[in-house]
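The exercises below are meant to be worked with the sequence and the structure in view. Each task is followed by a solution in steps.

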Amino acid sequence: MKPLTVSLVQADAVLGAVARNLDAHLAQVGAAAAAGAGLVVFPELSLTGYVLRDLTPEVALRLDAEPIRVLREASRDIDIVFGFIEECDDHHMRNSAAYLSGGEIVHVHRKVYLPTYSMFEEGRYWGPGDTVAAFDTRFGRIGILTCEDVWHVSMSYLLFADRADIILVPSASPARGITVDETAVGDGGSPSDALLLSGSSRTWEGLLRHQSASFNVYTVYVNRVGVEDGTTFAGGSRVVGPNGRNLLEFGLDAEVGTLALDPELLLRRRTAVPMLRDERLDVTLGNLERIARSRFDD
Amino acid sequence: MPARASTIDAALVERLLVGFIREEVASAGLTDAVLGLSGGIDSAVSCALAARALGPEHVLAICMPYASSDPASERDAREVVSNTGVRFDVVEITPQIDAYFAAVPDADRMRRGNKMARERMTILYDRSAAERALVIGTSNKTELLLGYGTLFGDMASALNPIGDLYKIQVFALARHLGLPASVIDKPPSADLWAGQTDEEEMGFGYDEVDALLLEMVERRLDDSQLAAEGYDPEFVTRVRRMIVSSQFKRRMPLIAKLTDRTINQDFRYPRDWGR
């Protein structure tokens, strides 16, 4: 990878109000560019809000829609990752995140794992994506996973195998877990353990640090804040270095932070712990095929 | 159950609930809230949270005593008002309650209690319209689960900040918020008649039932697992029956389905739609 200064926009969204959210995006993009960032990352569904339910078709955008053209224009100065409901060519709606650069759409990640359990009902309204792929940018190889995707370790494994240096994780994760058992900070490794965070944010911290440490990648996690239909989004956005340590961590409030990601750290980590070099794709593939066969046979 | 499993991170809960009230009131395009202040701990906590979220001058607390209410209740409510700085009003409900029951003198205590709770609700919603203020709820999770509340009465509100907190957690939050000791230390009561207490009426204590509810609801233990944990099977059965039989109170009225877009079944929009 090359040196990258990334801006994390931990922000609220107005539910269903694409035009208002687009204005907020443009303001944040301008501020991030002025702060010297090369990439600005927004949360999951940043252009629409999250608890859309039957508003989904009303806010869905095709890739050639005007709001996306406006954001593409804004990406001439700074790369942008934002979230939206995509009306795909098959006319089904997907929870998508796009990477824009130089006025073009470089990559669209369609959320693969749509949680449809407990409080979540994504699979009712949106269709799943089926591709996870790293892509080349002017900063190096990047992959995007949206929120729940991270809970399936196969997703980050695939990006690792696809030689991602940086995994971006736009998210809209609600705050849950209020007992001291759940909110207790674990083994440190955090620049700001005193931050007020929900139990669910502590679980997320564990997942993201594990992802970075296992796969020797930078992880940039950008979560929503604000309240929709009684649910508070948990914030807790963070940057984790390729050694699994927190480099930046936000609390529950709206916040924008900019951090320089140093390729040197990636080099040092991969030298010390050459997981990618030693990874045996043939072993993974062979065993996955065996397991898939045995599961079909059952 | 280890104490830590029910001990709340009170600073976090305060932050979440203050944010909830502030943002949902703003989502409704409003700045103010109104709530019933009984002198009990639940409404005291909701009041303190609303005061912190909106500013005390934007919160109207109304004490609505009936002739048989304990006079100490209004005193405690006034303590909460001086503690939180909110606006305050007292509206006696005795005349209208007595006028109604003059025609039905045989009504039992439950009917009278429900009528009083619904009378208070109509006052709150009337003041809500007059003040352009949202009604803040004061029902905790324990009473919502047990059905220990009046449907369309004290259970009615626009926003309920404490509905996901068990009673023992409401006590912990009250202490964190620095509410008056007189409110925290007295036995919880619906205050329908002098000397009434929740625990005497229900036949068990909040400590006892909250410990069980945490296992039964949060951890989803079944009856045999609860017995193995030492819970009296009769108590377990009784509590489970209370939860099941009060389910109707926790849902919107049933709508007979006729079309492809029945409200709340396949016409599903967020509450914060267009806000």
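**Exercise 1.** Is Ser171(A) buried or exposed, and what is its relative accessible area?

*Solution.* This is a predicted model, in which local features need pLDDT of at least 70 and side-chain atom pairs count only at pLDDT 80 or more, while totals for chains, interfaces and linings use all residues. Residues are numbered from 1 along each chain as its sequence is written, chains are lettered from A and ligands numbered from 1 in the order in which they are written, and side-chain values use heavy atoms, with hydrogens and water left out.

Step 1. Buried means under 20% relative accessible area, exposed over 50%, and partly exposed in between (1.4 Å probe, protein chains only).
Step 2. Ser171(A) has a relative accessible area of 0% and is therefore buried.
Step 3. Ser171(A) belongs to strand S8 of chain A; helices (H or I, at least four residues) and strands (E, at least two) are DSSP runs, numbered from the N terminus.
Step 4. Contact means heavy atoms within 4.5 Å. Leaving aside residues up to four places away in sequence, Ser171(A) touches Pro43(A), Glu44(A), Cys147(A), Trp204(A), Tyr221(A), Val222(A), Asn223(A) and Arg224(A).

**Exercise 2.** Describe the sheet of chain A that has the order S6-S7-S8-S9-S12-S13.

*Solution.*
Step 1. The sheet is open, has 6 strands and shows mixed pairing; two strands pair if DSSP finds at least two bridges between them.
Step 2. Its edge strands are S6 (135-137) and S13 (246-249) of chain A, each of which pairs on one side only.
Step 3. On average, neighbouring strands of this sheet are turned by 20 degrees against each other, direction ignored. Axes are lines fitted to C-alpha atoms, for helices over the stretch in contact, and angles run from 0 to 180 degrees between N-to-C directions.
Step 4. Within the sheet, S8(A) pairs with S9(A) (residues 218-223) in the parallel sense over 6 bridges. Val169(A) has Tyr221(A) in S9(A) as its bridge partner.

**Exercise 3.** At what angle do helix H1 (residues 18-34) and helix H3 (residues 66-74) of chain A pack, and which residues meet?

*Solution.*
Step 1. Two packed helices are described by the angle between their axes and the distance between the axes.
Step 2. For H1(A) and H3(A), the angle is about 5 degrees and the axes are 11 Å apart. H1(A) is therefore roughly parallel to H3(A); angles under 35 degrees count as roughly parallel, over 145 as roughly antiparallel, 65 to 115 as roughly perpendicular and the rest as oblique.
Step 3. From H1(A), Val18(A), Leu22(A), His25(A), Leu26(A) and Val29(A) meet Pro67(A), Val70(A), Leu71(A) and Ala74(A) of H3(A).
Step 4. The residues of this contact divide into 8 nonpolar, 1 polar and no charged. Ala, Val, Leu, Ile, Met, Phe, Trp, Tyr, Cys and Pro count as nonpolar, Asp, Glu, Lys and Arg as charged, and the others, Gly among them, as polar.

**Exercise 4.** Trace the surroundings of strand S2 in the sheet of chain B that has the order S3-S2-S1-S4.

*Solution.*
Step 1. This open sheet of 4 strands has parallel pairing. S3 (87-90) and S4 (133-135) of chain B are at the edges with a single partner strand each, so one side of each lacks a neighbour in the sheet. The twist averages 25 degrees from one strand to the next.
Step 2. S1(B) (residues 32-36) and S2(B) (residues 59-63) pair in the parallel sense over 4 bridges, and Leu35(B) has Ala61(B) in S2(B) as its bridge partner. Helix H2 (residues 41-54) of chain B packs on the sheet and touches S1 and S2 of chain B, its direction making about 170 degrees with that of S1(B).
Step 3. S2(B) and S3(B) run parallel and are joined by 4 bridges; in S3(B), Phe88(B) is the bridge partner of Ala61(B).
Step 4. 5 of the 5 residues of S2(B) are buried, so S2(B) is largely enclosed by the rest of the structure. Val59(B), Ala61(B) and Cys63(B) point one way, and Leu60(B) and Ile62(B) the other way.
Step 5. S1(B), H2(B) and S2(B) make a right-handed β-α-β unit, and S2(B), H3(B) and S3(B) also make a right-handed β-α-β unit. A crossover is right-handed if, with the strands pointing away from the viewer, the path from the first strand over the helix to the second runs clockwise.
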